[in-house]
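This report describes a single protein chain, taking up its strands, its cross-links and a few individual residues.

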Amino acid sequence: QVQLVESGGGLVQAGGSLRLSCAASGSIFSINEMGWYRQAPGKQRELVATITSGGRIKYADSVKGRFTISRDNAKNTVFLQMNTLKPEDTAVYYCNALITSGHVYDYDYWGQGTQVTVSS
C-alpha cells in the first residue's frame, strides 16, 4: 500500500510564504515524477510544478519566479516553497507521484489535498 501525505497548508496574507511537503510511504520500488497540482473552487485541477527523479522541473507560468519545487529522493519527499503568494493562489493543493510498486509501473498516486488560502 502506497500513501502520499501532505502537510504545510494554511492561511496567509498576500505577499506571504508557505512551504508544502509531501512524503510517499509504503512498498515503493522507485518514484519517477513528483509534483503539485491545485484546484480552486469551480475550476479544474491544474498543474503547479513537477520534478523528475533526475531533477528536470516544470512550472506553470502563473507561479514561475514565485514557487520552487524540490525533492529529497532518499526520503521520497517533495516540497513546494511558495513565496509572494497572491489571492489567486488560493486552492486545494494536491501532491502527485508516479510510483513503481510491486508489479505496477509508474502508477499515478494522489495525496488527500491541503488547503492554501491567501487573504488580500
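## Strand β10 and its residues

Asp-106 is part of strand β10, which spans residues 104–110. The model is a predicted one. Although Asp-106 is not a glycine, its phi is positive, near 50 degrees. Asp-106 has a relative accessibility of 23%, so this residue counts as partly exposed.

Trp-110 also belongs to strand β10. With a relative accessible area of 34%, Trp-110 is partly exposed. When residues up to four places away in sequence are left out, Trp-110 touches Leu-4, Tyr-37, Arg-45, Tyr-94, Cys-95 and Asn-96. Two of these names return below: Leu-4 lies on the covered face of β1, and Cys-95 takes part in a disulfide. Between the C-alpha atoms of Trp-110 and Glu-33 there are 12 Å, while the two residues are 77 residues apart along the chain.

## The four-stranded sheet

An open sheet is built from four strands in the order β1-β3-β8-β7, with antiparallel pairing. Its edge strands, β1 (2–7) and β7 (67–72), each pair on one side only. On average, neighbouring strands of this sheet are turned by 15 degrees against each other, direction ignored. In general, the strands of a sheet pair through backbone hydrogen bonds, in either the parallel or the antiparallel sense.

The loop between β7 and β8 contains Asn-76. Asn-76 has a positive phi of about 50 degrees although it is not a glycine. The relative accessible area of Asn-76 is 23%, so Asn-76 is partly exposed.

## The disulfide

How many disulfides does the model contain? The count is one disulfide. Cys-22 is joined to Cys-95, with an S to S distance of 2.0 Å. The link connects distant parts of the chain: Cys-22 is in strand β3 and Cys-95 is in strand β9 (residues 91–101), 73 residues apart.

Both Cys-22 and Cys-95 are buried. The torsion about their S-S bond is about -80 degrees, so the disulfide is left-handed.

## Salt bridges

Side chains of opposite charge can pair when their charged atoms come close. Four salt bridges are counted in this model. In one of them, Lys-64 pairs with Asp-61, and the closest N and O atoms are 3.1 Å apart. Asp-61 has a relative accessible area of 64%, above the 50% limit, so this residue is exposed.

Another salt bridge brings together the side chains of Glu-46 and Arg-38, at 2.7 Å from N to O. The two partners fall into separate accessibility classes. Glu-46 counts as partly exposed because its relative accessibility is 37%. Arg-38, at 6% relative accessibility, is under the 20% limit and therefore buried.

Arg-66 forms a salt bridge with Asp-89, in which the closest N and O atoms are 2.7 Å apart. Arg-66 is in the loop between β6 (57–59) and β7, and Asp-89 is in the loop between β8 and β9, so this pair ties together parts that are 23 residues apart in sequence. Arg-66 is buried at a relative accessible area of 9%, and Asp-89 is buried at 1%. Through salt bridges that share partners, Arg-38, Glu-46, Arg-66 and Asp-89 are joined into one network.

Terms used:
Residues are numbered from 1 along each chain as its sequence is written. This is a predicted model: local features need pLDDT of at least 70, side-chain atom pairs count only at pLDDT 80 or more; totals for chains, interfaces and linings use all residues. Side-chain values use heavy atoms; hydrogens and water are left out. Two strands pair if DSSP finds at least two bridges between them. Helices (H or I, at least four residues) and strands (E, at least two) are DSSP runs, numbered from the N terminus. Axes are lines fitted to C-alpha atoms, for helices over the stretch in contact, and angles run from 0 to 180 degrees between N-to-C directions. Buried means under 20% relative accessible area, exposed over 50%, partly exposed in between (1.4 Å probe, protein chains only). A disulfide is a pair of cysteine sulfur atoms within 2.5 Å. Contact means heavy atoms within 4.5 Å.
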